[in-house]
Amino acid sequence: MIFGRGRFTAAVADFGSAVRAHDAEAAEKAFGALQSTFDGADDAELHEAAPRLAALLPDVPPGPRAVVAVVVGACVERGADPVACAPAVFAAVREAFETAGDFARRWTAEGRGELPGHDGEGLTEEDVERFGYGAVAAWQSLEPFEMAGVAMLGSPAVRRGVPGRPELLAAVRNAAEAADDRFRFKRLEYALAVLDDEPIVAIDRVSGAGFALRASGIGDNFQLHTLLAHALIGGGHLPGDAPSAEAVARCRDEAGLVPTTGSFNLVGADGEWIWNEGNPSDIPVVGGVRLLVLDPPPYARSWDAGRFFPRMAGDLVLERVLAPEESAALLAQVADPVR
(Lines give C-alpha, C1' and ligand atoms only; values in the text may rest on other atoms or scores of the structure.)
Protein backbone atom coordinates (compact mmCIF):
# COMPACT_ATOMS: atom_id res chain seq x y z
CA MET A 1 0.00 0.00 0.00
CA ILE A 2 1.40 3.40 -0.99
CA PHE A 3 0.80 6.17 1.50
CA GLY A 4 1.47 9.88 1.53
CA ARG A 5 -0.49 12.97 0.79
CA GLY A 6 -0.78 13.79 -2.91
CA ARG A 7 -0.24 10.24 -4.21
CA PHE A 8 -3.95 9.70 -4.74
CA THR A 9 -4.36 13.07 -6.46
CA ALA A 10 -1.50 12.19 -8.81
CA ALA A 11 -3.02 8.77 -9.52
CA VAL A 12 -6.36 10.38 -10.38
CA ALA A 13 -4.66 12.80 -12.75
CA ASP A 14 -2.68 10.02 -14.42
CA PHE A 15 -5.75 7.83 -14.74
CA GLY A 16 -7.78 10.66 -16.28
CA SER A 17 -5.05 11.44 -18.82
CA ALA A 18 -4.70 7.80 -19.80
CA VAL A 19 -8.46 7.27 -20.16
CA ARG A 20 -8.88 10.36 -22.31
CA ALA A 21 -5.91 9.30 -24.46
CA HIS A 22 -7.27 5.74 -24.77
CA ASP A 23 -3.89 4.50 -23.52
CA ALA A 24 -4.84 1.10 -22.11
CA GLU A 25 -1.41 0.29 -20.65
CA ALA A 26 -1.07 3.63 -18.86
CA ALA A 27 -4.69 3.47 -17.69
CA GLU A 28 -4.14 0.03 -16.17
CA LYS A 29 -1.05 1.24 -14.32
CA ALA A 30 -2.81 4.36 -13.04
CA PHE A 31 -5.85 2.31 -12.10
CA GLY A 32 -3.68 0.17 -9.85
CA ALA A 33 -2.18 3.27 -8.27
CA LEU A 34 -5.66 4.70 -7.80
CA GLN A 35 -6.69 1.72 -5.70
CA SER A 36 -3.45 1.37 -3.77
CA THR A 37 -3.25 5.02 -2.71
CA PHE A 38 -6.86 5.54 -1.68
CA ASP A 39 -6.39 4.58 1.98
CA GLY A 40 -3.50 7.00 2.36
CA ALA A 41 -5.38 9.98 0.93
CA ASP A 42 -6.68 12.69 3.22
CA ASP A 43 -10.24 13.96 3.07
CA ALA A 44 -9.34 17.08 1.09
CA GLU A 45 -7.84 14.94 -1.68
CA LEU A 46 -10.88 12.70 -1.82
CA HIS A 47 -13.29 15.63 -1.89
CA GLU A 48 -11.45 17.18 -4.82
CA ALA A 49 -10.97 13.92 -6.71
CA ALA A 50 -14.48 12.45 -6.51
CA PRO A 51 -16.20 14.70 -9.10
CA ARG A 52 -13.22 14.29 -11.45
CA LEU A 53 -13.44 10.51 -11.25
CA ALA A 54 -17.23 10.59 -11.68
CA ALA A 55 -16.87 12.69 -14.82
CA LEU A 56 -14.54 10.03 -16.27
CA LEU A 57 -17.03 7.17 -15.87
CA PRO A 58 -18.55 7.37 -19.38
CA ASP A 59 -15.09 6.89 -20.89
CA VAL A 60 -13.80 4.21 -18.52
CA PRO A 61 -13.96 0.71 -20.10
CA PRO A 62 -16.69 -1.62 -18.78
CA GLY A 63 -14.28 -3.79 -16.76
CA PRO A 64 -12.88 -1.21 -14.33
CA ARG A 65 -15.84 1.18 -14.54
CA ALA A 66 -17.67 -0.34 -11.56
CA VAL A 67 -14.56 -0.18 -9.39
CA VAL A 68 -14.11 3.49 -10.25
CA ALA A 69 -17.77 4.06 -9.28
CA VAL A 70 -17.10 2.33 -5.95
CA VAL A 71 -14.08 4.59 -5.37
CA VAL A 72 -16.32 7.60 -6.04
CA GLY A 73 -18.85 6.20 -3.56
CA ALA A 74 -16.11 5.71 -0.97
CA CYS A 75 -15.04 9.33 -1.47
CA VAL A 76 -18.62 10.43 -0.90
CA GLU A 77 -18.77 8.40 2.31
CA ARG A 78 -15.67 10.33 3.39
CA GLY A 79 -17.44 13.65 2.77
CA ALA A 80 -17.10 14.38 -0.98
CA ASP A 81 -20.02 16.16 -2.65
CA PRO A 82 -22.60 13.49 -3.58
CA VAL A 83 -24.72 15.89 -5.65
CA ALA A 84 -21.78 16.58 -7.99
CA CYS A 85 -20.99 12.88 -8.37
CA ALA A 86 -24.43 11.29 -8.51
CA PRO A 87 -25.55 11.96 -12.12
CA ALA A 88 -22.56 10.19 -13.69
CA VAL A 89 -22.68 7.35 -11.17
CA PHE A 90 -26.41 6.75 -11.70
CA ALA A 91 -25.98 6.85 -15.48
CA ALA A 92 -23.31 4.13 -15.21
CA VAL A 93 -25.42 2.10 -12.77
CA ARG A 94 -28.46 2.25 -15.01
CA GLU A 95 -26.51 1.26 -18.13
CA ALA A 96 -24.95 -1.70 -16.30
CA PHE A 97 -28.26 -2.98 -14.94
CA GLU A 98 -30.04 -2.60 -18.27
CA THR A 99 -27.22 -4.38 -20.10
CA ALA A 100 -27.00 -7.11 -17.46
CA GLY A 101 -30.75 -7.68 -17.57
CA ASP A 102 -30.57 -8.17 -21.33
CA PHE A 103 -27.63 -10.55 -20.88
CA ALA A 104 -29.52 -12.65 -18.30
CA ARG A 105 -32.63 -12.87 -20.45
CA ARG A 106 -30.61 -13.87 -23.51
CA TRP A 107 -28.66 -16.46 -21.51
CA THR A 108 -31.91 -18.02 -20.34
CA ALA A 109 -33.57 -17.82 -23.76
CA GLU A 110 -30.65 -19.68 -25.30
CA GLY A 111 -31.08 -22.52 -22.82
CA ARG A 112 -27.76 -22.05 -21.07
CA GLY A 113 -29.15 -23.16 -17.71
CA GLU A 114 -28.14 -21.55 -14.42
CA LEU A 115 -26.83 -18.02 -14.79
CA PRO A 116 -23.11 -17.56 -14.18
CA GLY A 117 -21.90 -16.07 -10.92
CA HIS A 118 -21.15 -12.37 -10.73
CA ASP A 119 -17.58 -13.39 -9.95
CA GLY A 120 -17.30 -15.05 -13.36
CA GLU A 121 -17.85 -18.61 -12.19
CA GLY A 122 -19.59 -20.54 -14.95
CA LEU A 123 -18.37 -18.24 -17.75
CA THR A 124 -16.08 -19.32 -20.55
CA GLU A 125 -14.13 -17.48 -23.23
CA GLU A 126 -16.73 -18.70 -25.70
CA ASP A 127 -19.43 -17.00 -23.63
CA VAL A 128 -17.56 -13.70 -23.81
CA GLU A 129 -17.36 -14.03 -27.60
CA ARG A 130 -20.98 -15.12 -27.88
CA PHE A 131 -22.59 -12.47 -25.66
CA GLY A 132 -20.03 -9.69 -25.95
CA TYR A 133 -17.48 -8.40 -23.46
CA GLY A 134 -19.65 -5.43 -22.48
CA ALA A 135 -22.62 -7.63 -21.58
CA VAL A 136 -20.51 -10.05 -19.56
CA ALA A 137 -18.70 -7.20 -17.80
CA ALA A 138 -22.03 -5.58 -16.91
CA TRP A 139 -23.29 -8.83 -15.40
CA GLN A 140 -20.14 -9.15 -13.30
CA SER A 141 -20.25 -5.51 -12.15
CA LEU A 142 -23.72 -5.32 -10.60
CA GLU A 143 -22.70 -5.79 -6.97
CA PRO A 144 -20.08 -2.99 -6.98
CA PHE A 145 -22.45 -0.74 -8.91
CA GLU A 146 -25.10 -1.44 -6.28
CA MET A 147 -22.62 -0.34 -3.61
CA ALA A 148 -21.84 2.86 -5.49
CA GLY A 149 -25.52 3.69 -6.01
CA VAL A 150 -26.37 3.14 -2.36
CA ALA A 151 -23.47 5.39 -1.33
CA MET A 152 -24.91 8.22 -3.43
CA LEU A 153 -28.39 7.70 -1.99
CA GLY A 154 -27.19 8.26 1.55
CA SER A 155 -27.63 11.96 0.79
CA PRO A 156 -31.15 13.45 1.13
CA ALA A 157 -30.27 16.03 -1.55
CA VAL A 158 -29.40 13.24 -3.98
CA ARG A 159 -32.52 11.23 -3.11
CA ARG A 160 -34.72 14.23 -3.87
CA GLY A 161 -33.32 14.60 -7.37
CA VAL A 162 -32.25 11.21 -8.72
CA PRO A 163 -32.15 11.61 -12.51
CA GLY A 164 -34.35 9.02 -14.24
CA ARG A 165 -35.35 7.38 -10.95
CA PRO A 166 -38.28 5.36 -12.43
CA GLU A 167 -36.13 4.01 -15.25
CA LEU A 168 -33.26 3.21 -12.89
CA LEU A 169 -35.57 1.42 -10.46
CA ALA A 170 -37.12 -0.51 -13.35
CA ALA A 171 -33.66 -1.55 -14.57
CA VAL A 172 -32.73 -2.85 -11.11
CA ARG A 173 -35.98 -4.79 -10.76
CA ASN A 174 -35.74 -6.17 -14.28
CA ALA A 175 -32.22 -7.45 -13.66
CA ALA A 176 -33.37 -9.13 -10.46
CA GLU A 177 -36.33 -10.67 -12.28
CA ALA A 178 -34.10 -11.89 -15.10
CA ALA A 179 -31.84 -13.47 -12.49
CA ASP A 180 -34.95 -15.13 -10.96
CA ASP A 181 -34.12 -13.59 -7.58
CA ARG A 182 -36.59 -10.90 -6.49
CA PHE A 183 -34.32 -9.67 -3.71
CA ARG A 184 -30.95 -9.97 -5.46
CA PHE A 185 -30.43 -6.19 -5.46
CA LYS A 186 -32.67 -5.32 -2.53
CA ARG A 187 -30.37 -2.68 -1.05
CA LEU A 188 -30.30 -0.54 -4.17
CA GLU A 189 -34.02 -1.05 -4.82
CA TYR A 190 -34.89 -0.03 -1.26
CA ALA A 191 -32.51 2.95 -1.36
CA LEU A 192 -34.21 4.22 -4.52
CA ALA A 193 -37.59 3.85 -2.79
CA VAL A 194 -36.67 5.84 0.34
CA LEU A 195 -39.11 8.68 1.04
CA ASP A 196 -38.15 12.12 2.34
CA ASP A 197 -40.47 14.69 3.87
CA GLU A 198 -43.26 12.24 3.08
CA PRO A 199 -46.63 12.73 4.79
CA ILE A 200 -48.08 9.57 6.30
CA VAL A 201 -51.43 9.37 8.09
CA ALA A 202 -51.84 6.57 10.62
CA ILE A 203 -55.29 5.56 11.92
CA ASP A 204 -55.67 3.32 14.96
CA ARG A 205 -58.57 1.06 14.01
CA VAL A 206 -59.55 0.21 17.61
CA SER A 207 -59.78 3.74 18.98
CA GLY A 208 -60.36 5.58 15.71
CA ALA A 209 -57.60 8.07 16.58
CA GLY A 210 -55.65 9.49 13.64
CA PHE A 211 -52.22 11.01 13.36
CA ALA A 212 -50.44 13.04 10.69
CA LEU A 213 -46.73 12.21 10.54
CA ARG A 214 -43.81 12.99 8.26
CA ALA A 215 -41.16 10.41 7.35
CA SER A 216 -37.62 10.89 6.06
CA GLY A 217 -34.74 8.51 5.40
CA ILE A 218 -36.48 5.33 6.59
CA GLY A 219 -35.09 2.29 4.82
CA ASP A 220 -37.55 -0.45 5.81
CA ASN A 221 -40.73 -0.98 7.77
CA PHE A 222 -38.96 -2.48 10.79
CA GLN A 223 -37.42 0.97 11.21
CA LEU A 224 -40.77 2.66 10.49
CA HIS A 225 -42.61 0.42 12.96
CA THR A 226 -40.17 1.21 15.77
CA LEU A 227 -40.32 4.98 15.17
CA LEU A 228 -44.11 4.85 14.83
CA ALA A 229 -44.47 3.09 18.20
CA HIS A 230 -42.16 5.68 19.74
CA ALA A 231 -44.18 8.62 18.37
CA LEU A 232 -47.63 7.25 19.23
CA ILE A 233 -47.15 5.00 22.25
CA GLY A 234 -44.09 6.72 23.64
CA GLY A 235 -45.82 10.05 23.05
CA GLY A 236 -48.81 8.95 25.16
CA HIS A 237 -51.32 8.91 22.31
CA LEU A 238 -51.97 5.16 22.24
CA PRO A 239 -51.70 2.43 24.88
CA GLY A 240 -48.97 -0.19 24.75
CA ASP A 241 -45.28 -0.71 25.39
CA ALA A 242 -43.08 1.89 23.73
CA PRO A 243 -39.68 0.93 22.32
CA SER A 244 -36.63 1.79 24.39
CA ALA A 245 -34.75 5.04 23.93
CA GLU A 246 -31.83 2.97 22.64
CA ALA A 247 -33.99 1.33 19.95
CA VAL A 248 -35.28 4.71 18.82
CA ALA A 249 -31.78 6.18 18.68
CA ARG A 250 -30.57 3.25 16.56
CA CYS A 251 -33.41 3.88 14.11
CA ARG A 252 -32.55 7.56 13.84
CA ASP A 253 -28.82 8.12 13.65
CA GLU A 254 -26.87 5.96 16.11
CA ALA A 255 -24.87 2.92 15.04
CA GLY A 256 -25.73 -0.62 16.01
CA LEU A 257 -28.80 -2.73 16.72
CA VAL A 258 -30.83 -3.44 19.87
CA PRO A 259 -33.77 -5.84 20.35
CA THR A 260 -37.32 -4.50 20.29
CA THR A 261 -40.85 -5.86 19.97
CA GLY A 262 -43.72 -5.00 17.64
CA SER A 263 -46.67 -2.89 18.74
CA PHE A 264 -49.00 -3.01 15.73
CA ASN A 265 -50.05 -4.87 12.65
CA LEU A 266 -49.52 -2.43 9.78
CA VAL A 267 -52.28 -2.54 7.16
CA GLY A 268 -52.96 -0.55 3.99
CA ALA A 269 -56.28 1.08 3.20
CA ASP A 270 -56.88 -1.78 0.77
CA GLY A 271 -56.77 -4.27 3.64
CA GLU A 272 -53.43 -5.78 2.62
CA TRP A 273 -50.81 -6.20 5.32
CA ILE A 274 -47.79 -3.87 5.13
CA TRP A 275 -44.97 -6.25 5.97
CA ASN A 276 -42.10 -5.13 8.18
CA GLU A 277 -39.76 -6.60 5.58
CA GLY A 278 -40.98 -4.04 3.02
CA ASN A 279 -40.46 -0.29 3.00
CA PRO A 280 -42.67 2.79 3.52
CA SER A 281 -43.26 3.20 -0.22
CA ASP A 282 -45.43 0.05 0.05
CA ILE A 283 -48.09 2.06 1.90
CA PRO A 284 -50.89 2.85 -0.60
CA VAL A 285 -51.81 6.46 -1.28
CA VAL A 286 -55.38 7.55 -0.52
CA GLY A 287 -56.46 11.09 -1.31
CA GLY A 288 -52.90 12.20 -1.93
CA VAL A 289 -51.41 10.81 1.28
CA ARG A 290 -50.08 7.43 2.36
CA LEU A 291 -52.72 5.98 4.67
CA LEU A 292 -51.61 3.42 7.24
CA VAL A 293 -54.00 1.50 9.50
CA LEU A 294 -52.80 0.26 12.88
CA ASP A 295 -54.35 -3.01 14.05
CA PRO A 296 -53.48 -5.01 17.16
CA PRO A 297 -50.64 -7.47 16.44
CA PRO A 298 -52.05 -10.95 15.71
CA TYR A 299 -48.92 -12.56 17.18
CA ALA A 300 -45.75 -11.47 18.95
CA ARG A 301 -43.02 -10.02 16.76
CA SER A 302 -39.50 -9.03 17.72
CA TRP A 303 -36.48 -7.81 15.78
CA ASP A 304 -33.22 -5.94 16.10
CA ALA A 305 -34.05 -2.26 15.84
CA GLY A 306 -31.73 -0.14 13.73
CA ARG A 307 -31.27 1.45 10.35
CA PHE A 308 -31.53 -0.59 7.17
CA PHE A 309 -28.94 1.79 5.72
CA PRO A 310 -26.37 2.46 8.46
CA ARG A 311 -25.19 5.71 6.83
CA MET A 312 -28.70 7.09 6.28
CA ALA A 313 -30.26 9.08 9.12
CA GLY A 314 -33.98 8.44 9.51
CA ASP A 315 -36.81 10.10 11.37
CA LEU A 316 -40.58 10.08 11.80
CA VAL A 317 -42.17 13.23 13.21
CA LEU A 318 -45.69 13.49 14.61
CA GLU A 319 -47.06 16.76 13.20
CA ARG A 320 -50.56 16.72 14.63
CA VAL A 321 -53.40 14.60 15.99
CA LEU A 322 -56.32 14.51 13.58
CA ALA A 323 -59.72 15.79 14.61
CA PRO A 324 -62.15 12.90 15.27
CA GLU A 325 -64.21 13.72 12.16
CA GLU A 326 -61.07 13.63 9.98
CA SER A 327 -60.10 10.22 11.33
CA ALA A 328 -63.63 8.87 10.92
CA ALA A 329 -63.82 10.02 7.29
CA LEU A 330 -60.53 8.31 6.49
CA LEU A 331 -61.39 5.14 8.39
CA ALA A 332 -64.61 4.91 6.37
CA GLN A 333 -62.44 4.45 3.24
CA VAL A 334 -60.48 1.56 4.75
CA ALA A 335 -61.16 -2.08 3.92
CA ASP A 336 -61.16 -4.86 6.47
CA PRO A 337 -57.77 -6.51 6.78
CA VAL A 338 -57.05 -9.41 4.44
CA ARG A 339 -56.47 -12.55 6.48
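So, how many residues of strand β1 are buried? Six of the seven in β1, residues 198-204, so the strand is mostly covered, with buried meaning under 20% relative accessible area, exposed over 50%, and partly exposed in between (1.4 Å probe, protein chains only).

Quick housekeeping. This is a predicted model, where local features need pLDDT of at least 70, side-chain atom pairs count only at pLDDT 80 or more, and totals for chains, interfaces and linings use all residues. Residues are numbered from 1 along each chain as its sequence is written, and side-chain values use heavy atoms, leaving out hydrogens and water.

When I say helix or strand, I mean DSSP runs numbered from the N terminus: helices are H or I with at least four residues, strands are E with at least two. Two strands pair if DSSP finds at least two bridges between them.

Okay, back to β1. With strand β2, residues 210-216, β1 pairs in the antiparallel sense over six bridges. Look at isoleucine 200: across from it in β2 stands leucine 213. The hairpin of β1 and β2 has five residues between the strands, and there glycine 208 takes a positive phi near 80°.

β1 also has strand β6, residues 289-295, running parallel to it, joined by five bridges. Here valine 201 has leucine 291 in β6 as its bridge partner.

Now let's hop to helix α5, where you'll find proline 82. Why does proline 82 count as buried? Because its relative accessibility is 16%.

Last stop: glutamate 121, in the loop between α5 (82-109) and α6 (125-131). Glutamate 121 counts as exposed because its relative accessibility is 61%.
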